[in-house]
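Please read it alongside the sequence and the coordinates.

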Amino acid sequence: MNNSNRTVISRRSRPAKEPLSKDLIVKTALELLKNEGSSGLSMRKIAKALDTGPSSLYVYVTNLQELSAYVLDYGLDKVVLPDAQDGSWKTNLFDALNSYLTVLYESPGIAELALTTIPVGPHSLALMEYILGRLYEGGIRSTSAAWGVDLLLLYATSVAFEQASRDQKGTTLNTILTSYESLDVMRYPMIANLRDELLSSGERFRWGLEVILQGILQRQD
């Protein structure tokens, strides 16, 4: 029998996989985090997405905590740090924190990760170094600067997490407004009186930053 014209069909049913690496693991973990939230960030799910076994991931990362730190840092690469030579130290500080807030808000899961993960890695450290530098320019040194940077980042992270969670669950301010409108005015007079202010947004985030910053300036150690 002449088999010269026979078409040889490869047994490989799909393209060759990209070689496993730390970068690939981190990128895959971030995509799972965006699509599934914190439940997607598991070694088993990451390994399945990469068509490999969980044990192979430990060649590149020590544990889930270390991987989470890498994922967080990778997600922060879009944070914009203004040129310190332009504008005032406070404007630059607030703009950097606003960029950080925006990145967390626009990347579902990252805000939650930022609340539960120790920030390490070049992007996380660059952000912290930048904030400390602006506080130093403002005359804030030593303990006040060290504790202040933690307070500022925690505030920004919490706001981002609250807003992102609210959007994911479909909770709108109209829901809260409806609740406020049905309050017993005699029992909750202050809430009823300040209903509009409680629900207003505007410059609320920067107002909060200003309050924290002024407190830091008043408590120089």
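A residue is called buried under 20% relative accessible area, exposed over 50%, and partly exposed in between. The model described here is predicted. By that scale L154, with a relative accessible area of 44%, is partly exposed, whereas T117, at 12%, counts as buried.

**Confidence**
- The protein has an average pLDDT of 87, and 89% of the residues score at least 70.
- Confidence is highest in helix α7 (residues 122–137), at a mean of 96, and lowest in helix α9 (residues 173–181), at 78.
- Where pLDDT is low, the predicted coordinates should not be read in detail.

**Surface patch around L154**
- L154 lies in helix α8, which spans residues 142–169.
- Together with L115 and F161, L154 makes a nonpolar surface patch of about 230 Å².
- Because its relative accessible area of 44% falls between the 20% and 50% cut-offs, L154 is classed as partly exposed.

**Surroundings of T117**
- T117 sits in the loop between α6 (110–116) and α7.
- Because 12% relative accessibility is under the 20% limit, T117 is classed as buried.
- Apart from neighbours within four places in sequence, T117 contacts S68, A69 and L72.
- Y70 is 47 residues from T117 along the chain, and their C-alpha atoms are 9.8 Å apart.
- The T117 side chain reaches the backbone oxygen of L113 at 2.9 Å.

Technical notes:
Residues are numbered from 1 along each chain as its sequence is written. This is a predicted model: local features need pLDDT of at least 70, side-chain atom pairs count only at pLDDT 80 or more; totals for chains, interfaces and linings use all residues. Side-chain values use heavy atoms; hydrogens and water are left out. Patches are made of residues with over 30% relative accessible area and no salt bridge: like charges are joined within 9 Å, nonpolar side chains (Val, Leu, Ile, Met, Phe, Trp, Tyr) within 5 Å. Accessible areas come from the Shrake-Rupley method with a 1.4 Å probe; for residues, only the protein chains shown count as cover. A salt bridge is a side-chain nitrogen of Lys or Arg within 4 Å of a carboxyl oxygen of Asp or Glu. Helices (H or I, at least four residues) and strands (E, at least two) are DSSP runs, numbered from the N terminus. Buried means under 20% relative accessible area, exposed over 50%, partly exposed in between (1.4 Å probe, protein chains only). pLDDT is the predictor's confidence in each residue, from 0 to 100. Contact means heavy atoms within 4.5 Å. A polar contact is a pair of N or O atoms within 3.5 Å; within protein, one must be able to donate a hydrogen and the other to accept it, and residues adjacent in sequence count only if both atoms are side-chain atoms.
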